[in-house]
Amino acid sequence: GMVTFGHQSVSRLIEVGVVNRNFVDRAFKFSFVRNPHDRCASLYRYFKKLGRLPEETKYSDFITTLEGEWQRHRSVPDVDPVAMSDRLLYAGEEFLLGRSRLQQVGLYNLLDWSQCRPQVDWLKGLGSPSDIHIGRIENADEDYAKIITALSEKSARIPASGVSLPKLNTTRVEAGMEITRDPGIRRVVEEIYAEDFKAFGY
């Protein structure tokens, strides 16, 4: 049946035996990606919506913090996501000292700021990129229709048309978000998410 892994690492799920490698290899795989500039601004809005950022936090503040976390992340080793199975340790002081909040993609849907990782991190362990159908949020309806068509060719149970894409978990676009066009902010985003820009042709 249909399977989604949310924000979890498929390669880690395979490694710990939750997901079968043969299943992943033969599965029809697709994912939607987003322009990193738009995605970064969306993360900012989402974090504010959840209260993970103070309401008064400006987008430029978020970018400055994110850039600092990436610099810190490069200077400290990743915490193995398998170790996160001990939730008490995760909450303990020994886990919080000396590490960045930018946890690598792991076995849980959300760890600190792991959602701020490059999008390609969620596609690692899925096999060859050519085996993954990639759609863009910017062309969501059109690309979704292509994916549904490709799926219907694999299974008669999937209708080739008449399937709409619901818009869920959206956040309100704030007035003034044109600052995403600020050259300084764009430089930081393009540096942090260089892998995404290259992999997805943005």
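User: Hey, is phenylalanine 197 buried or exposed?

Analyst: Phenylalanine 197 is buried, with a relative accessible area of 15%. Buried means under 20% relative accessible area, exposed means over 50%, and partly exposed is in between, using a 1.4 Å probe and protein chains only. Keep in mind that this is a predicted model, where local features need pLDDT of at least 70, side-chain atom pairs count only at pLDDT 80 or more, and totals for chains, interfaces and linings use all residues. Residues are numbered from 1 along each chain as its sequence is written, and side-chain values use heavy atoms, with hydrogens and water left out.

User: OK, and where does phenylalanine 197 sit?

Analyst: Phenylalanine 197 is in helix 9, residues 194-200. Helices here are DSSP runs of H or I with at least four residues, strands are runs of E with at least two, and both are numbered from the N terminus.

User: Which residues does phenylalanine 197 touch?

Analyst: Not counting residues up to four places away in sequence, phenylalanine 197 touches Pro36, His37, Val189, Glu190 and Tyr202. A contact means heavy atoms within 4.5 Å. Histidine 37 is 160 residues away from phenylalanine 197 along the chain, yet their C-alpha atoms are separated by 9.7 Å.

User: Let's zoom out. How many helices and strands does the protein have?

Analyst: There are nine helices and two strands. In sequence order the pattern reads α-α-β-α-α-α-α-β-α-α-α.

User: And what share of the residues is buried?

Analyst: Buried residues account for 40% of the 202 residues.

User: What percentage of contacts join residues at least 24 apart?

Analyst: It's 70%, taken among contacts between residues at least 6 apart in sequence.

User: Back to helices. At what angle do helix 3 and helix 8 pack?

Analyst: About 100°, with their axes 10 Å apart. Axes are lines fitted to C-alpha atoms, for helices over the stretch in contact, and angles run from 0 to 180 degrees between N-to-C directions. That makes helix 3 roughly perpendicular to helix 8. The cut-offs are under 35 degrees for roughly parallel, over 145 for roughly antiparallel, 65 to 115 for roughly perpendicular, and oblique for the rest.

User: Which residues meet there?

Analyst: Pro36, His37 and Cys40 in helix 3 meet Arg186, Val189 and Glu190 in helix 8. By class, this contact of helix 3 with helix 8 has three nonpolar, one polar and two charged residues. Ala, Val, Leu, Ile, Met, Phe, Trp, Tyr, Cys and Pro count as nonpolar, Asp, Glu, Lys and Arg as charged, and the others, Gly among them, as polar.

User: What about helix 3 and helix 4, at what angle do they cross?

Analyst: Roughly 105°, and the axes of helix 3 (residues 36-50) and helix 4 come within 10 Å. So helix 3 is roughly perpendicular to helix 4. On the helix 3 side, His37, Cys40, Ala41, Leu43, Tyr44 and Phe47 meet Tyr59, Phe62, Ile63 and Leu66 in helix 4. By class, that contact has nine nonpolar, one polar and no charged residues.

User: Which residue forms a salt bridge with aspartate 121?

Analyst: Arginine 117 does, with the closest N and O atoms 3.0 Å apart. Aspartate 121 is buried at 12% relative accessibility, and arginine 117 is buried at 9%. Aspartate 121 also meets lysine 124 in a salt bridge, at 3.1 Å from N to O, and lysine 124 is partly exposed at 41%. Salt bridges that share partners join Arg117, Asp121, Lys124 and Glu195 into one network.

How values were computed:
Salt bridge = Lys/Arg side-chain N within 4 Å of Asp/Glu carboxyl O.
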